[in-house]
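Me: I'm new to this one. Can we walk through it together, starting with the ligand?
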Amino acid sequence: MSQPFDVLVIGGGPGGYVAAIRAAQLGFSTACCESNPYADPKGEPRLGGTCLNVGCIPSKALLHTSHLFEEAAHSFAGQGIKVAPPTIDVPVMKGRKDTVVNQLTSGIKGLFRKNKVTFLPGHGAFAARENDLWKVTVGTEEILAKQVIVATGSKARHLQNVPVDNKIVLDNEGALDQESVPEKLAIIGAGVIGLEMGSVWRRLGSEVTILEAMPDFLAVADQDVAKEAAKLFAKQGLDIRTGVTIGDIKVSKNGVSIDYDDKDGQAQKLDADRLIVSIGRIPNTDGLNAGGVGLKLDARGFVEVDGHCKTNLPGVWAVGDVVRGPMLAHKAMEEGVMIAELMAGQAGHCNFDTIPWVIYTAPEIAWVGKTEQQLKADGIAYKVGKIPFLANGRALGMGDPSGFVKMLASAETDRILGVHIIGANASELISEAVVAMEFAGASEDLARICHAHPTLSEAVHEAALACDKRPLHF
Ligand code: FAD
Ligand code: NAI
C-alpha cells in the first residue's frame, strides 16, 4: 500500500474534480477515483461525471444545433434570408456533440496533471477506519487517505417495471444519443430534462407529448414565468399535459403505448415511437459500503451533511448531487471549493440562497432567489418590477422579443429578493442578479448602474427602475 493521501475524492464529476483541483492547489496530496463506463481513447473512465458526459454539456450542444436548425427553417425567411428548407443529419449532429464532450473530458485529465491530482481509475468503496486514516478500495487497490470527499453524484430515476433500453425507452443517456428523429416522442416528466430534450427533438421534427404528474406546470419556478413558458411552448407545438396519472406502459420493438388518466380522471392512451423517462434523479450511494463504516444516509439515500458538507464521520465530506439541495453542476462545484478551503482552515462558504437556475429552452428561463409565491407564503412584503422584452430594442433587433424580466424587492428595505427571467440569453443575464444579491444589493443599486445600450441587460435595469415605479422605456 502506498503513502496515504491527504485527500481522496470518490467520483470525478463537477463536485469531485473541482474539489480535487482546489484541494491540490491548497497543497494537499490529492487523488480522485472514477469508475464510469464512458471510456476515453486510453480505455480509462472519462472525468466530468454526468455533467460533461451525459448531462449539461451534451444537452447544450444538441440544444444549440437544434436551435440553429429551427432558426434556418422558420426565422431566416422573415429576415430576408432565403435558403432551401434545411434537413438534419443526426449522426453528424451527434458526432459534433461527442467531439465537444471528448474535448472537455480530456481537458479535465489535463487539469489534473497540471494541478498534480492523482487520477485513480476504478470504483471507490469505504473499507475501514485505521489509525485515523480511511481505507478505501479503488478497484482492486487499497488506498489510505486522511480525508475523503464523497462526490458520487446521481443517476436517472426509472419507472418501476419499465426497463430503460436506451433504444425505445430512454433516460438522459439515450435521449442524448439517438441516431434518428423519432416521428412521435413521448416524455414522462415535464421537468428540466423533459423540457430541454423535448425542445431538441421537437425542433428537429418530432411530435412531442409530455406527460406530467403535477397539476401545475413548472411548480418550482415563479408562476408568472411558468405561465408565460406554458403559453410559448404550446405555441411552438410542445404538447404538455399536466395532472396525469401514468398507468400501464407496453413496450414493443417498434414503440410504446402508454395508458394514463388525464387531469379530469379520464382514461387516455398515448402511442409513440420512443419514450423519454425524465422523472428526477437518485443519489449514487449504493456500492459505497456506507453501511459498513456507518456513513449516515437519509431516507431517500442521500448522504446526510451539514451546511458545510460535513458528514457524521470524521474526515468524511460529501458534495453535489449525492447530498441535499438542487442537483446542479455549479452548486456541486461551489461545494467542492468550499470543502477544500475548509480543510485548509480557510473560511469556505456556499450561499445556497444565490444559486441560479437555468432551463435552456427557447426562450431560456433563469432565476435566482425567491419566487413571488414563496414570498407570499412567507408573509414577506415585496414590490415587483416587471419589464417585457418587447420594450427592449436589442430583443426586437434580434427578432426575439418574447418573455420578460421580473424583479422582486423587499417593500421595507428594497433589497433584491428574487429575479426571474424568461427570454433570449436569460442564462447570461441572470449573473447580474446573482452578483447583486450576493452583495446584498437593492433594486436601487441596479437602477443606478449604467447598462450598455442596446443590450438585453437593459431589461434588467428597467425592471430595477420599475421596482420604484419609474421605468424609462415602458
Ligand atoms: P456527477 O456529475 O453525477 O458525478 C459523479 C461521478 O462519480 C460520476 O462520474 C460517477 O461515475 C462517479 N462515481 C459514482 N460512484 C462512484 C464510486 N463508488 N467510485 C468511483 N466513481 C464513482 N446541471 C446544471 O447546472 N446545468 C445544466 O445545464 C445541467 N444539465 C443537465 C442535463 C442533463 C441531461 C442531466 C442528466 C443533468 C444536468 N445537470 C445540469 C445536472 C448536473 O449534471 C449535475 O448536477 C452534476 O453533474 C452533479 O455533479 P456531481 O459531481 O455531484 O455528480
Ligand atoms: P425534475 O425534477 O426537473 O423533473 C421531474 C418531473 O417529473 C417533475 O415535474 C415531476 O413532477 C415529474 N414526475 C415525477 N414522477 C412522475 C410520474 N410518475 N409521472 C409523471 N411525471 C412525474 O427532473 P429531471 O427533469 O429528470 O432532471 C433531473 C435533474 O437534473 C433536475 O432536477 C436538475 O437538477 C438537473 N438538470 C438540470 C438542468 C439545468 O440546469 N438546465 C438540465 C437538466 C437536468
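Me: Which backbone has a polar atom 3.5 Å from a nitrogen atom of ligand 1?
Reply: That of C56. Keep in mind that this is a predicted model.
Me: What about a polar side-chain atom, which residue has one 3.4 Å from a nitrogen atom of ligand 1?
Reply: S35 does. On the oxygen side, a polar backbone atom of S154 sits 3.4 Å from an oxygen atom of ligand 1.
Me: And how much of the ligand 1 accessible area does the protein cover?
Reply: The protein covers 92% of it. On its own, ligand 1 has 990 Å² of accessible area.
Me: How many residues surround ligand 1, and which are the closest?
Reply: There are 37. The closest are E34, T50, K60, G124 and D321.
Me: Which element gives the largest share of the shell?
Reply: α2, with 4 residues. Elements that each supply at least two residues include α1 (14–25), β2 (30–34), α3 (56–75) and α9 (329–343).
Me: Switching topic. What domains does the assignment give?
Reply: Domain 1 (5–156 + 282–350), domain 2 (169–279) and domain 3 (354–466).
Me: How many residues are in contact between domain 2 and domain 3?
Reply: 18 residues of domain 2 are in contact with 20 of domain 3. About 1,500 Å² is buried between these two domains, and carbon and sulfur atoms give 66% of that.
Me: Which residues in domain 2 lose the most area there?
Reply: D222, D224 and V225. Together they account for 33% of what the domain 2 side buries.
Me: And how far apart are the C-alpha centres of domain 2 and domain 3?
Reply: 29 Å.

Conventions
Residues are numbered from 1 along each chain as its sequence is written. Chains are lettered from A and ligands numbered from 1 in the order in which they are written. This is a predicted model: local features need pLDDT of at least 70, side-chain atom pairs count only at pLDDT 80 or more; totals for chains, interfaces and linings use all residues. Side-chain values use heavy atoms; hydrogens and water are left out. A residue is near a molecule or strand if one of its heavy atoms lies within 4 Å of it. A polar contact is a pair of N or O atoms within 3.5 Å; within protein, one must be able to donate a hydrogen and the other to accept it, and residues adjacent in sequence count only if both atoms are side-chain atoms. Accessible areas come from the Shrake-Rupley method with a 1.4 Å probe; for residues, only the protein chains shown count as cover. Domain bounds come from an automatic or database domain assignment. Contact means heavy atoms within 4.5 Å. Buried area is the accessible area (1.4 Å probe) that two parts lose on being put together, summed over both.
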